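Subject: The structure to look at

Hello,

Here is the structure for you to look through. Please open it first, then read my notes below.

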Amino acid sequence: KLFVHRARPDLFKPLLIATGYSFPSGHSVISVVVYGLLGFFALHFTKNRHAKAAITTVTVIVILLIGASRPYVGVHYPTDVLAGWSLGIPWLITCMGLHEVLARRYLKSGEPVLDKPPAPSQAVDRHVPEDRPQ
């Protein structure tokens with residue numbers, strides 16, 4: 001925003017008052033990264049194909065609705081939103097890749113990245129009684 005210095009739209013009276021520059025839309029960038037990562041992590045916790053499709057669909061719809069709301073309320077041009085998505089998608093891919101690299105580094109090879117917690121019968125009791133020396 002500081003490099004482009006694009007003024008906010010003034011075609012009609014906006015529904016919201018926003019200050020600062022318009023290009024690119026920060027809401028669009030953040031929505032892609034935050035909701036994209038939430039969807040990415042949610043996909044790790046389900047094996048059901050229909051649930052995965054629902055998670056993906058909801059994630060995409062939320063991102064699109066947030067992007068569409070910005071020109072609607074009169075604080076961004078549509079190209080500001082497209083630029084925000086164009087910045088957010090590579091950042092999302094970088095975050096997902098970084099998660100995968102770090103998860104594989106700290107977990108044994110072949111295990112799921114986001115494994116479900118063990119069943120209570122398999123859990124290890126890490127509590128040390130107070131009367132027993134450590």
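How many helices and how many strands does the secondary structure of the chain come to? It comes to three helices and zero strands. Please keep in mind that this is a predicted model. From the N terminus on, the order of elements is α-α-α. The chain has 134 residues, and 25% of them are buried.

Helix 1

Start with helix 1. It has 19 residues. Its first and last C-alpha atoms are 27 Å apart, close to the 27 Å expected at 1.5 Å a residue. Its buried residues are Ser28, Val29, Ser31, Val32, Val33, Gly36, Leu37, Gly39 and Phe40. What covers them? The cover includes helix 2 and helix 3.

Take serine 31 as an example. It sits in helix 1. Is serine 31 buried or exposed? Its relative accessible area is 2%, and buried means under 20%, so serine 31 is buried. Leave aside its neighbours within four places in sequence. Serine 31 is then in contact with Gly36, Ile63, Ile66 and Trp85.

Next, find threonine 46. It lies in the loop between helix 1 and helix 2. Threonine 46 counts as buried because its relative accessibility is 15%, and the cut-off is under 20%. Its side chain reaches the backbone nitrogen of asparagine 48 at 3.3 Å. Not counting residues up to four places away in sequence, threonine 46 touches Ala51, Lys52 and Ile55.

Asparagine 48 has a part of its own. It caps the N-terminal end of helix 2. One of its side-chain oxygens lies 2.7 Å from the backbone nitrogen of histidine 50.

Helix 2

Helix 2 covers residues 49-72, which is 24 residues. From first C-alpha to last it reaches 34 Å, close to the 34 Å expected at 1.5 Å a residue. Which residues of helix 2 are buried? They are Thr59, Ile63, Gly67 and Arg70. Look at the spacing of those numbers as you turn the model. An α-helix has 3.6 residues a turn, so residues three or four places apart point the same way. The buried residues of helix 2 pack against helix 1 (26-44) and helix 3 (78-106).

Alanine 53 is also in helix 2. Its relative accessibility is 40%, so alanine 53 counts as partly exposed, the class between 20% and 50%. Alanine 53 and leucine 43 are ten residues apart along the chain, and their C-alpha atoms are separated by 9.1 Å.

What follows helix 2? Glycine 74 does, and its phi is positive, near 85°.

How the helices pack

First, helix 1 and helix 3. Their axes come within 7 Å and cross at roughly 35°. The crossing is right-handed. Helix 1 brings residues including Val29, Val33, Leu37, Phe40 and His44 to this contact. From helix 3 come, among others, Trp85, Leu92, Met96 and Glu100. The residues of this contact divide into 14 nonpolar, seven polar and one charged.

Then helix 2 and helix 3. At what angle do they pack? The angle is about 145°, and the axes are 8 Å apart. This crossing is right-handed. Helix 2 supplies Ile63, Leu64, Gly67, Arg70 and Pro71, and helix 3 supplies Pro78, Val81 and Trp85. Here the residues divide into six nonpolar, one polar and one charged.

One more residue in helix 3

Finish with leucine 82, which is found in helix 3.

Best wishes

How values were computed
Residues are numbered from 1 along each chain as its sequence is written. This is a predicted model: local features need pLDDT of at least 70, side-chain atom pairs count only at pLDDT 80 or more; totals for chains, interfaces and linings use all residues. Side-chain values use heavy atoms; hydrogens and water are left out. Helices (H or I, at least four residues) and strands (E, at least two) are DSSP runs, numbered from the N terminus. The expected span of a helix is 1.5 Å times one less than its number of residues. Buried means under 20% relative accessible area, exposed over 50%, partly exposed in between (1.4 Å probe, protein chains only). Contact means heavy atoms within 4.5 Å. A polar contact is a pair of N or O atoms within 3.5 Å; within protein, one must be able to donate a hydrogen and the other to accept it, and residues adjacent in sequence count only if both atoms are side-chain atoms. Axes are lines fitted to C-alpha atoms, for helices over the stretch in contact, and angles run from 0 to 180 degrees between N-to-C directions. A crossing is left-handed if the near helix is turned anticlockwise from the far one by less than a right angle, and right-handed if clockwise. Ala, Val, Leu, Ile, Met, Phe, Trp, Tyr, Cys and Pro count as nonpolar, Asp, Glu, Lys and Arg as charged, and the others, Gly among them, as polar.
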